[in-house]
Amino acid sequence: MGVGNTGKGVSELADEVRERLSSPSGQELFALLIVLGIVVLALDLVRRLATGEMAFGRLWRYTWNGLVDSLYIALAAIGLSMTYSILRFANFSHGDLVTTGAFSGWAVAWLIGGWGVYGVGELVLFSPTAAGPTGGELGMSVLASPVAILVGLVAAALLTIGVALAIDRLVYRRMRDASGISLLIASVGVALALRYIIGVFWTVESHSATASAPILEEIPAWLPFERLNLHELTLVATAVGLIVGLHLLLQYTKLGKAMRAMADNKDLALITGIPTERVIFATWSIGAGLAGVAGYLIVLDRGQFSINIGWFLLLLIFAAVILGGIGSIYGALVGSLVIGLTINVSLVWIPADLNEIAAFTLMILILIVKPDGLLGGVETA
Amino acid sequence: MSGADPDGDPETETAEVPGDEEPDDSEEPSAVIRPEWRSDLLLVAKVVLATYVGFFVVGVLSGAGVNATVGTIQSITFFGAIFALGALALNLHWGYTGMFNIGIAGFMAIGAYTLSIAVASPDGSPAGFGLPIPVGIVLGTIAAGLAGLVLVIPTLRVRADYFAIVTLGFSEIVRLSVQSRSLREIGDTAYGTGGGQGIRATPVDSVVGWLFDQPIVGDVGGVLIVLGETVGIASSVLERGIYTLVLILFVVAFYVLLTRIAHSPFGRVLKAIREDELAAKSLGKRTDRAKIAAFALGCALMGLVGTLWMGSRTHISPDNFMPLITFYVFVALIVGGAGSNTGSVIGGFAFAAFIFEGPRFVRTMVRANLGTDFPRTAHGAFAELGAGDPSALIGYVLYQQADEVRYIVLGVVLIVLMIKRPDGLLGHRKEIAAGVDLSRRGPVADGGRPAVGSDDRAGTESETDDPAATNGGDRDE
């Protein structure tokens, strides 16, 4: 600005600049390192593509997988973000709501798919004995039995909501005024109890619920795919639909406005006459419903699952929520995108069994540098 | 935020003041708060003895047999010592400093892996350095401490709940790293983590064999084994029991160390940070440095626990360090009451007896009384229940699913504690940040002490076990 005013001004400015350069805060140093790292990786990616070391097709496949992963992470992350902003605690049992959705939804889907042919117990417990059917024999794919899959999806949402509301009544409602850390610890207890109650019935073994996914070979030329996995497509369509629906709900309904108000300032919302318990009810319903659907869709996409499915996902969900700024739903969506892409595109450089480490490291770095998240902690707006 | 009362809102604490007026044990003539070694030791002894008698009577009456019962008691003591060690280390983080560390499994993994790599034989796969076990234990402890140092310095100012997520993330990073195939053998060297298969190394409890070779100790041990066999206790149980005795020595060492720290000026700074970091800082205390030191020390102790626990197996693998381990220790601490070393020891023991080993003991009793012929799936259990045989369902849940039941109990205990008694069994004993008994001296403590916060002074009254102070409870404030 006014650098050339007087000699004194210049020297002061120079001092200031030197001070900023010579003793940048730890946070700034970290941020600089991260940015540098990202730049180096981006340059390396360009180099690899230019020299033909890596084909464009592979990068596109990683990116697409990243988008798919980010969608189910986003479904789960929205709920976690909502409970964080409205109930004000880090809910460690959210991952197990995902598990609840996976188990309850598929149990219902199997029940409908095999009704009358196999016993109820065999269907609900996913063939505990060798005599029971497999997912393939029941035709558990979107083409062979769309009704069963659809009803299963709805059931996953409803049953997970039911479980979440029951837990809220049993546990969290008694602790409405407790500190965030007490609630966090209680939520760890809920996570363990819920997961292993599921474990008592379904055992800790891994289950296989679906038939192999139908593949579309005939694709319009303008789509960048060689073949389309219909189960993956179902996941994408359902998730995008739900996210758009949530956006409309939050922005254009009275409930959405109340939720945003409560996330912003709970006491003020109370004084204004917003029925907080009803908002909490809605929070659990939406959050748990989306988590349940996420669990159901993951199983549709992967086929295999066990009671740890949600717990293993939990840290990725947390990473997404933290990246976007805890409490911000749109931030959670952005964070999910970053995490989904990170765990897939990082495969360019690192082996597959280290990709989650990349995501967790990114999460820790972001927490250190920008504790408010990438979007600067805008809460649910 | 981080300075907020970790155990919940100050209101409840203040409300409890009148309830805590029972003038129990020790009479302290001096105003300076000193550790109450004798009464605390008695309390621990009472709890341990009562548990032993309870388990022994139930075990023998239920027909589980002397060997199985003594085996269970041995296990309880072993895990009680382990969890007491873990809870004591965590107490330094959470109870005293208010740092919410849920990455305990990660620090244990670093300790145990360092030990195993140091101790494993040079021509094993993966290879080790063939160092003696004590050196390995020291290295493991140092490695975990250094890891804690590296983690805490950049994350010092992160909020408590974020810190929890960071530490959990860290422990998963450690676990996934040692599990990774690419680190199974690092580079072209023969050294590495062994990936999913883990590392095989001489276990730490081989110290028992070494002890038996010593002149006097060995003779006593030999006599014990012979005595045990005459009443039907297997020698393996007794040998394991001797390693447990070694662990108990470590518990005593940890306890003395941490109680000394807690009553030192450094410890009072830590407690002041827990109560109100800003206030402590404005009194000129170097809170950052204290937090870093406390965290690194706690992590080093966790690494030591990792070497003593997992190192006592011939083989360690990444699956030994699931985040569940962290929650075991956490529940142990919360059961006992964060902020009290005696509480940590009692909590560790109670956790091991009733939550960790309890379901297994029930399993033993079920096996002794109902046999082992139970359905392997819930489907079979319900089918037999439908056919009019309820014992199948009982057996399925209590015998086949004993581990799941343990985790459910763990979760439920955690929930109930947080709702009903967030301070734990000895939570009322949480030590204050002052070096002197504030209620005796009146509201003005001698200058320069980090006596902080008004609700802290309210807490003081509830902490005082001094009958004289309770009489003076109606201070003019």
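**Entry 1. Phe351(B).** I began with one residue: Phe351(B) is buried, with 30 other C-beta atoms within 10 Å. For burial I used these cut-offs: buried means 20 or more other C-beta atoms within 10 Å of a residue's own, exposed means 12 or fewer, and partly exposed is in between, with C-beta atoms placed from the backbone. The model is predicted, so I noted its limits: local features need pLDDT of at least 70, side-chain atom pairs count only at pLDDT 80 or more, and totals for chains, interfaces and linings use all residues. Residues are numbered from 1 along each chain as its sequence is written, and chains are lettered from A and ligands numbered from 1 in the order in which they are written.

I found Phe351(B) in helix α13 (residues 341–356) of chain B. Helices here are DSSP runs of H or I with at least four residues, strands are runs of E with at least two, and both are numbered from the N terminus. Which residues does Phe351(B) touch, leaving out those up to four places away in sequence? I listed Phe83(B), Val331(B), Ala332(B), Val335(B) and Phe356(B). Touching, or contact, means that the C-beta atoms of two residues, placed from the backbone, lie within 7 Å. I also looked up the C-alpha atoms of Phe351(B) and Ala332(B): they are separated by 5.3 Å, with the residues 19 apart along the chain.

**Entry 2. Helix α12(B).** Next I looked at α12(B). It has 14 residues and reaches 21 Å from its first C-alpha to its last, close to the expected 20 Å. The expected span is 1.5 Å times one less than the number of residues. I checked its cover: 13 of the 14 residues in α12(B) are buried. Just after this helix, Gly337(B) takes a positive phi of about 110°.

**Entry 3. Where the chains touch.** Nonpolar covers Ala, Val, Leu, Ile, Met, Phe, Trp, Tyr, Cys and Pro; charged covers Asp, Glu, Lys and Arg; the others, Gly among them, are polar.

**Entry 4. Two helix pairs.** I took α3 (residues 56–87) and α8 (residues 230–252) of chain A as one pair. Their axes come within 9 Å and cross at roughly 40°. Axes are lines fitted to C-alpha atoms, for helices over the stretch in contact, and angles run from 0 to 180 degrees between N-to-C directions. α3(A) and α8(A) are therefore oblique to each other. Angles under 35 degrees count as roughly parallel, over 145 as roughly antiparallel, 65 to 115 as roughly perpendicular, and the rest as oblique. By class, their contact has 13 nonpolar, no polar and one charged residues.

My other pair was α10 (residues 265–282) and α11 (residues 287–309) of chain B. These axes come within 10 Å and cross at roughly 135°, so α10(B) and α11(B) are oblique to each other. I noted that α10(B) gives Phe266(B), Val269(B), Leu270(B), Ile273(B), Glu277(B), Ala280(B) and Lys281(B) to the contact. From α11(B) come Thr287(B), Ala290(B), Lys291(B) and Ala294(B). The classes are seven nonpolar, one polar and three charged.

**Entry 5. Positive phi in chain A.** Arg88(A) has a positive phi of about 60° although it is not a glycine. I placed Arg88(A) in the loop between α3 and α4 (94–113) of chain A. Is Arg88(A) buried or partly exposed? Arg88(A) is partly exposed, with 17 other C-beta atoms within 10 Å.

Thr203(A) also has a positive phi of about 60° and is not a glycine. I found Thr203(A) in the loop between α7 (180–202) and β1 (207–208) of chain A. Thr203(A) is buried, with 20 other C-beta atoms within 10 Å.

**Entry 6. Whole chains.** I counted 14 helices and four strands in chain A. Chain B has 20 helices and two strands. Buried residues make up 48% of the 381 residues in chain A and 52% of the 477 residues in chain B.
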